Amino acid sequence: MGSALLGLRAVKDCYYSLETPEAVTAVIPFFPVILSVPGKDVHLVRNQLATDVTFWRVFDFSFIQGAAYSEEDFESGIQKVVISERIARELYGRLDVVNESIELNKKAFTICGVVQNVSTIAENAYADIWVPYSLLQKCSIICMMEKC
């Protein structure tokens, strides 16, 4: 798997249309975000990774509950997120949190999936919460290609 720091336009123009790699994914590297639950006085600072939809095919995540955000979610800008089991337990005390509300930096999102915790060794996939990068306004992302 290779990676390079590129702008989103370059990724769309140059990489998403490639036919040789089995899949191409792009992410905005993880950065801290403040997590909270509406109505609870609990705040956590954890790592967020912004991804595209193909990310979930390139990396082998084990979903405990729910599923990743869909292409339609990604394109429409609907505010859905995937969280780790660690975050589910820390914020809610349970794993069955699909469709629950969560706040990221005081903005409301809906949880669509819960995945098993990811090791920090998996540096291109590691985070505690994953969001569609279509929701963010960043100019640089990391593009990763998985070859057949």
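What pLDDT does the protein chain average, and what percentage of the residues score at least 70? The chain averages 81, and 74% of its residues reach at least 70, where pLDDT is the predictor's confidence in each residue, from 0 to 100. This is a predicted model, in which local features need pLDDT of at least 70 and side-chain atom pairs count only at pLDDT 80 or more, while totals for chains, interfaces and linings use all residues. Residues are numbered from 1 along each chain as its sequence is written, and side-chain values use heavy atoms, with hydrogens and water left out.

**Confidence**
- Over residues 138–148 pLDDT stays under 50, and the model has 55 contacts (heavy atoms within 4.5 Å) beyond four places in sequence for this stretch.
- Where pLDDT is low, the predicted coordinates should not be read in detail.

- Beyond four places in sequence, L35 touches residues including V42, L44, I87, L91 and I129.

**Aromatic rings**
- The whole structure holds nine aromatic pairs (Phe, Tyr or Trp rings, the six-membered one for Trp, with centres within 6.5 Å; planes under 30 degrees apart are stacked, over 60 edge-to-face, the rest tilted).
- F55 and W56 pair edge-to-face, at 5.1 Å centre to centre and 90° between the planes; both residues are buried.
- Ring pairs join F55, W56, F59, F61, F63, Y69 and W130 into a cluster.

Definitions and conventions:
Buried means under 20% relative accessible area, exposed over 50%, partly exposed in between (1.4 Å probe, protein chains only).
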